[in-house]
Amino acid sequence: MTEEEISKAYRKALDVIEMEDMEFQEPGNPYIHRGEVIARMRDCLLQKELKMGEQILFVATEPYGGPGDFAFRGGIVESVDTWKKTCSVRSDFFTMDDVPLHYVLGRYNPDIREKHYGKECVEPLFGEHEALAQQYLRDVEEKWNARWEESESQSDGMGMNL
């Protein structure tokens with residue numbers, strides 16, 4: 001490829017992930033790995049796709065039944081933050097705020113009879129990618145456990161001094 005063709009492809013890729021060159025080149029940019037780029041691309045596409053009040057299937061960012069209870073859950077989109085690329089989802093027990101848009105896997109559609117992600121009546125958004133969905137579940141659990149361990153270590157350091 002010529003340098004001009006590479007530059008054109010690079011600019012097109014930046015357009016898709018809604019970033020400027022300077023932003024992409026910043027130190028500490030999380031979008032250097034394939035998984036982060038895919039997630040960002042899904043975020044950008046989903047911000048235009050999701051509607052408030054829509055019933056969706058998503059990767060729950062908080063466990064319902066205690067540690068380790070992470071799964072695909074159903075919920076209703078309450079809001080979409082196009083700047084942060086997140087949404088709030090009202091689920092069975094509570095609302096989960098700041099759910100990354102790429103964790104939304106599909107929408108409920110009563111006309112869909114086959115199963116997707118192990119659930120009936122789910123229309124996958126941008127195709128069914130089971131390995132990617134499983135990776136999102138692992139990511140959520142790892143982040144939750146890291147926050148839990150951090151809060152535990154902070155509370156241990158707050159002992160009473162006499």
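These are my notebook entries on a predicted model, with a few stops along the way.

**Entry: the sheet**

I started with the strands. I found an open sheet of six strands in the order S4-S3-S2-S1-S5-S8, with antiparallel pairing. The edges are strand S4 (95–100) and strand S8 (122–124), each of which pairs on one side only. From one strand to the next, the twist averages 45°. As a reminder to myself, strands of a sheet pair through backbone hydrogen bonds, either parallel or antiparallel.

I then looked at one pairing up close. Strand S1 (residues 55–59) and strand S5 (residues 104–108) run antiparallel and are joined by three bridges. Which residue in S5 is the bridge partner of Ile56? I found Arg107 there.

Next I checked what lies across the strands. Helix H3 (residues 34–49) lies across strand S2 (72–81), S4 and S5, and runs at about 25° to S5.

**Entry: Ala133**

I moved on to helix H4 (residues 130–156), where Ala133 is found. Is Ala133 buried or exposed? Its relative accessible area is 0%, so I wrote it down as buried, the cut-off being under 20%. Setting aside neighbours within four places in sequence, I listed its contacts as Val59, Phe72, Leu105 and Tyr117. I also checked Val104, which is 29 residues from Ala133 along the chain; their C-alpha atoms are separated by 9.3 Å.

**Entry: aromatic pairs**

I counted four aromatic pairs in the structure, and I looked up two of them here.

In the pair of Phe70 and Trp144, the ring centres are 6.3 Å apart and the planes stand at 65°, so I noted it as edge-to-face. This pair links distant parts of the chain: Phe70 sits in the loop between S1 and S2, Trp144 in helix H4, 74 residues apart. Phe70 counts as buried at 11% relative accessibility, whereas Trp144, at 21%, counts as partly exposed.

Phe72 and Tyr117, both already on my contact list for Ala133, also pair with each other. Their ring centres are 5.7 Å apart with planes at 70°, so this pair is edge-to-face. Phe72 belongs to strand S2, while Tyr117 is in the loop between strand S6 (115–116) and strand S7 (119–120), 45 residues apart. Phe72 is buried at 10% relative accessibility, and Tyr117 is buried at 5%.

**Entry: cysteines**

How many disulfides did I find? The count comes to zero. Cys87 is in no disulfide, and the nearest cysteine sulfur, that of Cys44, is 14 Å away. The cut-off for a disulfide is sulfur atoms within 2.5 Å. I also noted that Cys87 counts as buried, at 1% relative accessibility.

Note on methods. Residues numbered from 1 in each chain as written. Predicted model: local features only at pLDDT ≥ 70, side-chain atom pairs only at ≥ 80, totals over all residues. Heavy atoms only, no water. Helix = DSSP H or I, 4+ residues; strand = E, 2+ residues; numbered from the N terminus. Buried < 20%, exposed > 50% of the residue type's maximum accessible area, 1.4 Å probe, protein only. Contact = heavy atoms within 4.5 Å. Pairing = 2+ DSSP bridges. Axes fitted to C-alpha atoms, helices over the stretch in contact; angles between N-to-C directions. Phe/Tyr/Trp six-rings, centres within 6.5 Å; stacked < 30°, edge-to-face > 60°.
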